[in-house]
Amino acid sequence: MMEELDKLFNITGGIVTTILLPLFGVFMFYDSKKRKAVAEARKAEADNITAYAAEWKKCYEEERTVEAELNTKIDKLYKEKEEDRQRIHELIKKNTALEIEKTKLEAEMEVKRCDVRKCGRRKPPSDY
């Protein structure tokens, strides 16, 4: 009976070592390979997302640079516009002062005007 039991254990051990252990190893290797493929896919996806993020960041920084340049240009144009307004205001003041002076001189000249020159019969009569 012992011999039969030994044979049975040997056959069972042989089956386990020749069939079941290799199958178990294949499943373990397959699972490891599958996990490695999933990890590589996740890494590739993360790299892709990182590349997109870097590209968007670059676009954002370029837009900010252009925006800063435009703001500088707008500020410069507003400054020039204000300088032009000041210059126009000063010219209007000067023009108004000259118009007033011209009106005064015209009035004085009208008073001092002489229709007949270098004579005592001045029209209108004045001391000039």
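The protein has one helix and zero strands. The model is predicted. Of its 128 residues, 2% count as buried. The accessible surface comes to about 12600 Å². Carbon and sulfur atoms account for 62% of that surface.

Start with the nonpolar side. Val66, Leu70, Ile74 and Tyr78 form a nonpolar patch on the surface. Together they have about 400 Å² of accessible area. Leucine 70 sits in helix 1, which covers residues 2-112. Its relative accessibility is 48%, so leucine 70 counts as partly exposed.

Now the charges. Side chains of opposite charge can pair when their charged atoms come close. The structure holds four salt bridges. Among them is the pair of glutamate 67 and arginine 64, with the closest N and O atoms 2.4 Å apart. These two are three residues apart in helix 1, so about one helical turn separates them. Glutamate 67 is partly exposed at 34% relative accessible area, and arginine 64 is partly exposed at 39%.

Another salt bridge joins the side chains of arginine 87 and aspartate 84, at 2.4 Å from N to O. They too lie in helix 1, three residues and about one helical turn apart. Arginine 87 is partly exposed at 46% relative accessibility. Aspartate 84 is partly exposed as well, at 34%.

Further along is the salt bridge between glutamate 106 and lysine 102. Here the closest N and O atoms are 3.9 Å apart, and the cut-off is 4 Å. The spacing is four residues in helix 1, again about one helical turn. Glutamate 106 has 44% relative accessibility and counts as partly exposed. Lysine 102 is also partly exposed, at 44%.

Conventions:
Residues are numbered from 1 along each chain as its sequence is written. This is a predicted model: local features need pLDDT of at least 70, side-chain atom pairs count only at pLDDT 80 or more; totals for chains, interfaces and linings use all residues. Side-chain values use heavy atoms; hydrogens and water are left out. Patches are made of residues with over 30% relative accessible area and no salt bridge: like charges are joined within 9 Å, nonpolar side chains (Val, Leu, Ile, Met, Phe, Trp, Tyr) within 5 Å. Accessible areas come from the Shrake-Rupley method with a 1.4 Å probe; for residues, only the protein chains shown count as cover. Buried means under 20% relative accessible area, exposed over 50%, partly exposed in between (1.4 Å probe, protein chains only).
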